Amino acid sequence: MEPLIPEKAKISPFLVFFLVHTMQFGIGILGFQRLIALTAGYDAWISVIIAGLSIHVILWMMYRILDTVNGDIMSANSYVFGKKVGRLITLPYVLYFLCVALTTLRTFIEVVQVWMFQDMSTFWYAFAFCVLAIYIIFGGFRIVTGIAFFGVVLPSYLIFTFFFTFPYADLRNLLPVFDHSIKDLVKAAYQMSLTYLGYEVLLFFYPFIKDPQKSKKWAHFGVFFTTILYTAITIITFSYFSEGQLQKNIWATLTIWKVVEMPFVERFEYIGIANWNIVILPNLCIALWCGSRILKRAVHLKQKYGVLLLTTIVLITINFFKTREQINTLISYTGKISFFLNYVYIPLLFILVLIVKKVKK
Amino acid sequence: MKILISLLILSTILAGCIQKEIVDDVNLETGAAYDYTDGKIRGTALVPVYLSDKTVENKTFSSSSNLSRDFLRDVQRQSSDPLVSGSLKVVLFGERLAKEKGILDLIDSFQRDPSIGARLYLAVTEGDSKAVINGSYGERGNAIYLSNLIRHNMNSKDVPKTDLQRFLFDFNQKGKTPYLPRIKKLNKKAVEISGLSFFRYGHVVDTIPPDKMFYFKLLVDKYSKGTLKVNLGKDAAAIESIRSNYKMNLVSRKPLKVNIRIKVKAILNEYSGIRVTPKKIKMIEKKLEEEIEVECLKLTKRFQSKNIDPVGFGHFIKSKTRKFNYSKWEADYRYLKMNVQADVTITESGVID
Amino acid sequence: MGWFSKQDKVLERETLEKTLKRSNDFKKVSYINEPTNKQFSFWFISTLIDENILQENVLPYLLEKPFEKIEDVKKIIALADVQISNNPSEIEQKLFNGYALLTLESDSHHFVFLAAHKELVRSISPPEVEFSVIGPKEAFVESINQNVNLIRKRLPVKELIVQELIVGSLSKTKVSILYLEGIVDPANVKTVMERLKNIKFDAITDSSYIVQLISDNKNSPFPQLLDTERPDRVTAILAEGKIAIFVDGSPHALITPTTLVEFFSSFEDYFLNWMLSSFFRLIRLFAVAFSILVTPIYVAALSYHYELIPTDLMNTLVTSRRDIPLPPILEALFLELTIELLREAGARLPTKVGQTIGIVGGIVIGTASVEAGLTSNVLLIIVALAALASFTTPVYKMGNAIRLLRFPFLFFAELWGLLGIVLCFCFLMTHLLRLTSLNRPFLEPLYPPRITDLKDSLIRLPFSKQSLRPQTLRTKKPVRYPFNNKSDIDE
């Protein structure tokens, strides 16, 4: 029933760290600080931690589901609902991943259009990017993982650029701690979780992991690492900006880069944005790969054609998002769907799988 | 199939390209000056002209309009190469503009423009800023001269560190008000920093002269290389390599009382008396402490009377209070009691005694 | 071949003789053996035969000693390699391999092959491409026997297996595969043998042909088999568990499977101290990155990102570009093409003229173009440094690939500035990720990351830490030599 994945297409469990981490670390990090500070003020860094820790619970549930059915999410759906219904229920994921791919690409191009090249055409850059994504996905899942690996390792030096904010930092901005109600913190945690999304791709590439039991700790470590990074950046941002200033800056992280000054390069944000290309490339590739994989499993469309189809749809629809509001709407819809899929559907599926498992015994 | 691919690649090349800004075909606006004359804002752009013998000539373009940054558009009609503002280093505001109209609109445009850096230096000029920017200072262009002047004074002398980022930080911070250095033109070839201007809602409401800048810097910034002269009766002593640190302490809430503790470490550099004994050093230290305490308190009281808070008492108290109410603070600020405590240590006195 | 009638065999021999007679260097000579009065004749290709062997070791005995049947010949001739055969189809192959044919008048079905090769081969000389200051200075020559000799004397163990095959329908080139049994992964050997057997080509004159015919990815500028002319390098890799391929007529041996990092290591690294060699390897990597990226960054910064340029440099750059009519991209292309022209011209000219032209070209053209206002002096320095840096790759084939890479980067830099450079870099990275060498990922040990293998990739750790064979080869004996446990102070 499950198509067998050849050994040479599988990845080692250690690489799951990079896959999970890179999917979470995408375009959200450039401007998430404003949103969470709106709800919980400068205590929002606590919300960041709360949201991050809640993911471990969901991740644990995901692993339990996948271990029981020993396959990907479509196998889990089929296990609970039967083959036909299982397939039908998994299909909306294609739409979801299309939205994710679209959001990632459009928001990145928007950043480039605002910060670097005001007259860059959306379509042609998206086209070149999609050609690259197709080239990567056609190489197989190992190549996609390779890009994820390099997408984490190569831009990691960017962390050091945040050290330039230390002369400007005023940690008193964060005091007094816990000045907001728990309700505010939870609301901000909800908003933060929309930025954290991405770990659900584990549901789709689980069959491609050699020795999935060993990968559990790496996946959790990946999520933990993301949480730490986001918290650190939040605290740095909060100490760098005053509250009123932060509310005005749409992309706070990029504004921070404006202050980086090195002897051989005067304005760092252009290098930073160019490097961001490498950070979001794996996001796009993994999203397209997952979408085409569902198409292959559900409707038996060859993955090569699936990728081409999805890329064409992305390229056509990307032209419809022209203004800031439209892009914002897209982001918020994708976020809401994502939250529902992860925090509502997964626990539901978890309970159902346990019930069905007991029944089948 | 192959034709389709080649067509697509060709189209990418032709349609996907972006406008170039080749570095020698653009005029880099390195400095800007804004004045308020006849109800209009007059903007002046300073552009360096790089001559073939490696010298730099300064060229300015001026234009007036009602909108703040609009002048750039008008100025393009006077300039042979397009003006770009990515290299902006220093912006000067004329005194009248800063006092009467306020600089908030201009600051907003600097924030909004993605090509302007965060380390942009801002300053207020005595008199018209256009006159100041129209000099010929130094050999590398006015903008570099002015920005270097401001920078080295901030790093090692009495001017407290401030640039666009810090200005915006202070301005948007609810318990603090911003400040900028003042520049005065001495003659066609020289300028000097002549004090600090303090802002409230974008308007200049107060200024302090250069000799008071030292004490202000002790209150808001850390020193690393300052110098100071002090009199002891008929002898004078000069200390340098001053390193300072300040710490605020909330003593009581009702009545609101804040204690500022300033720690200063210095090296004795010059002494006009005969010999420096440990007793003399102690006397110098004590005299310094007195002076610092008196002057700093005077400054804080002066700020209180003018209803500005560049030291940041509001921000400090907010960090210690839960559910801080800013509107209440606006009223309470004038009842705040401040106390300054100075602690001076002279570590070395040079190689002789 | 029972059904092969004896008449057909004679017919075949006569047809063969007719074709061979068309070449003037085919000689057929007859003699009479004195004691028995039997006539015998030699067939041989005079340009391939060392006639002295026939004169001294064969002819005197055949003329004087008696023999009746063809089997007796073996007993009387003073030659080691004497083969008796009755298969006419072997004649062509043996004749052209330096054997002389001896046939008796009485017996028209059997003939004797006598080994009398004349090997004209260059003597062993120092390596030209992979020169090293210290270390052995023997390099391979064109004869496969000599080359295998050089390896055999360095690895005098029975595990060193040499397997031969013939490839090439016209050139019938002898190809040998060397590996150490018990250390190498047998699947690798099988793959190599299969690929070599499947080659369909007519004339194979050099090992580079083999590289192109058996590479995993033929559409990549990066070579997937490492070529070397040093026997010590081949010995080292055989000991690691890799396979060496020798081609007759080529002084370069091929090594497979390889990874990208091997192309940036010169064998001299193993002769120096590990700290020095790690430093040199890092310099090489930096030089490669520098030579690919620096001109595109210049073009991108000057065309689109003037804000990046530090203030102090601005004066120099603007002044240097002031009088240039060309935009930065055309200026850069002009200089790059000039350097490529210089390189190609320098490669074609004979040595004496080549040196002068190199100096003339480099200095005069460079200075003159700056004076004429065609290029800026800053760009001239950058392009010259980049060209210099690209010469640091120890492997010639990789150096050529690097030369090519610069142009797509320039093109992307012109299109989208820094963003284009990063996009092109992503394309390059994907391409390298997709490459495989003998079905192993080309980018190992960088990806998939194998920490233990990193000890000999970008840096080289001391021999005490190199006691394990590379994981990527999946060898049967992972431990090379036992290493001592550390002891405490004064123990």
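## Overall dimensions

Visitor: What radius of gyration does chain C have?

Guide: The radius of gyration in this predicted model is taken over C-alpha atoms, and the globule rule is 2.2 Å times the number of residues to the power 0.38. A compact globule of 491 residues would come out near 23 Å, but the value for chain C is 30 Å.

Visitor: What kind of model is this, and from which letter are the chains lettered?

Guide: It is a predicted model, in which local features need pLDDT of at least 70, side-chain atom pairs count only at pLDDT 80 or more, and totals for chains, interfaces and linings use all residues. Residues are numbered from 1 along each chain as its sequence is written; in the order in which they are written, ligands are numbered from 1 and chains are lettered from A.

Visitor: How does the radius of gyration of chain A stand against a compact globule?

Guide: The C-alpha atoms of chain A fill a box of roughly 60 × 45 × 35 Å along the principal axes. For 361 residues, a compact globule would have a radius of gyration near 21 Å, and this agrees with the value for chain A, 20 Å.

Visitor: What percentage of the residues in chain C is buried?

Guide: A residue is buried if 20 or more other C-beta atoms, placed from the backbone, lie within 10 Å of its own, exposed if 12 or fewer do, and partly exposed in between. In chain A, buried residues make up 50% of the 361 residues. In chain C, with 491 residues, the buried part is 35%.

## Chain C and its domains

Visitor: How many strands does chain C have?

Guide: Helices (H or I, at least four residues) and strands (E, at least two) are DSSP runs numbered from the N terminus. Chain A has 17 helices and zero strands. Chain C has 14 helices, and its strands number twelve.

Visitor: What distance separates the centres of domain 2 and domain 3 of chain C?

Guide: The bounds come from an automatic or database domain assignment, which gives chain C domain 1 (6-115), domain 2 (144-258) and domain 3 (271-440). Taken over C-alpha atoms, the centres of domain 2 and domain 3 of chain C are separated by 34 Å.

Visitor: Which helix and which strand of chain C each supply at least two residues of the side of domain 2 that touches domain 3?

Guide: Residues are in contact if their C-beta atoms, placed from the backbone, lie within 7 Å. By this rule, 14 residues of domain 2 of chain C meet twelve residues of domain 3 of chain C. The elements of chain C that each supply at least two residues of the domain 2 side are helix H6 (186-197) and strand E8 (226-228).

## Chain A and its contact with chain C

Visitor: Which helix gives the most to the side of chain C that touches chain A?

Guide: The contact draws 26 residues from chain A and 18 residues from chain C. Ten residues of the chain C side come from the helix that gives the most, H14 (residues 396-434) of chain C.

Visitor: How do the residues of that side of chain C divide into nonpolar, polar and charged?

Guide: Ala, Val, Leu, Ile, Met, Phe, Trp, Tyr, Cys and Pro count as nonpolar, Asp, Glu, Lys and Arg as charged, and the others, Gly among them, as polar. On the side of chain C that touches chain A, the division is 13 nonpolar, three polar and two charged.

Visitor: How many residues of helix H6 of chain A are buried?

Guide: The expected span of a helix is 1.5 Å times one less than its number of residues. For the 24 residues of H6(A), residues 92-115, this gives 34 Å, in agreement with the 34 Å between its end C-alpha atoms. The helix is largely enclosed by the rest of the structure, because its buried residues number 18.

## Strands of chain B

Visitor: Why is strand E2 of chain B described as largely enclosed?

Guide: Strand E2(B) covers residues 31-37. It is largely enclosed by the rest of the structure because its buried residues number six of the seven.

Visitor: Which strand pairs with E2(B) in the parallel sense?

Guide: Two strands pair if DSSP finds at least two bridges between them. E2(B) pairs in the antiparallel sense with strand E3 (residues 40-50) of chain B over seven bridges, and Tyr34(B) stands opposite Gly43(B) in E3(B). Gly31(B), in turn, stands opposite Val90(B) in E6(B). The parallel partner, over four bridges, is strand E6 (residues 90-93) of chain B.

Visitor: Which residue in the turn between E3(B) and E4(B) has a positive phi?

Guide: E3(B) and strand E4 (residues 56-65) of chain B pair in the antiparallel sense over ten bridges. Their hairpin has five residues between the strands, and the turn residue with a positive phi, about 65°, is Lys54(B).

Definitions and conventions:
Contact = placed C-beta atoms within 7 Å.
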